[in-house]
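User: I would like to go through this structure with you. Could we begin with the strands and then turn to the cores?

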Amino acid sequence: SRRRLFLRLLLWCRRERIPFGPEAAALWVVATQVTPQGMLNYAKTMSAIFGKMRMDQSPLLALCSSLRADGAGNPISQAPAISKDKLMSWAASLQQPRIELVSRLAWKTSSRYNEARKITSQHVLRNTPKEIILDWKQLPKGKRSNPHSVSRWVVIKGEGTAKLSGMLRRY
């Protein structure tokens, strides 16, 4: 929270015997030794705090600008994907059939869990042990959903389809 961050800055200034101010805040942000994205978040938060106090924000804004420029060259990395076996064993261990169904559906369609959770019987166009066809037209895939997009039908085939089909029939 902002209050904790501000208190950390005050304690750091006392410990290092540095006069409190926006310059000290910029030094503290760099001294925290967090990731560049973390430093950017800290600098933006500190800038907002100093803005509320009607103090000079320019050192923090310059730091934000510098961190943004440095971050543009860093590729965004994603977390490693969970294996199918680990996901299915986790979902089964919860002993909640709905969570297992949604996890399997999200896995098979490469969708977000929250999107798969919104599936109802109205979205299932065809459900056989060999093929499941879902209509995703009512489910937004992001903030800017396009109702006329071509990829509104999802066809699920292959390994695990029979089990998923049986689970869908129960719900």
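Predicted model: local features only at pLDDT ≥ 70, side-chain atom pairs only at ≥ 80, totals over all residues.

User: How many bridges join S1 to S2?

Analyst: Three bridges join S1 to S2, which covers residues 131-135, and the two strands run antiparallel.

User: And what is the strand order in the sheet?

Analyst: The order is S1-S2-S3, in an open sheet of three strands with antiparallel pairing. S1 (124-127) and S3 (153-157) each have a single partner strand and stand at the edges, so one side of each has no neighbour in the sheet. From one strand to the next, the twist averages 10°.

User: Which strands does H8 touch?

Analyst: Helix H8, residues 161-170, packs on the sheet and touches S1, S2 and S3. The direction of H8 makes about 55° with that of S2. Helix H6, residues 97-109, lies across S2 and S3 and runs at about 100° to S3.

User: Changing topic: how many residues are in the largest nonpolar core?

Analyst: That core has 21 residues, and those with the most contacts inside it include Leu9, Trp28, Phe50 and Leu60. Helices H1 (2-16), H2 (22-31), H3 (36-52) and H4 (58-72) are the elements that give two or more residues to this core.

User: Which element gives the largest share?

Analyst: H3 does, with seven residues.

User: What is Phe50 in contact with, leaving aside its neighbours within four places in sequence?

Analyst: Its contacts include Leu9, Phe20, Pro22, Ala25, Met55 and Leu60. A second, separate core of 14 residues includes Leu101, Trp136, Ile156 and Leu168.

Key
Residues numbered from 1 in each chain as written. Heavy atoms only, no water. Core = buried A, V, L, I, M, F, W, Y, C linked by side-chain atoms within 4.5 Å. Buried < 20%, exposed > 50% of the residue type's maximum accessible area, 1.4 Å probe, protein only. Helix = DSSP H or I, 4+ residues; strand = E, 2+ residues; numbered from the N terminus. Contact = heavy atoms within 4.5 Å. Pairing = 2+ DSSP bridges. Axes fitted to C-alpha atoms, helices over the stretch in contact; angles between N-to-C directions.
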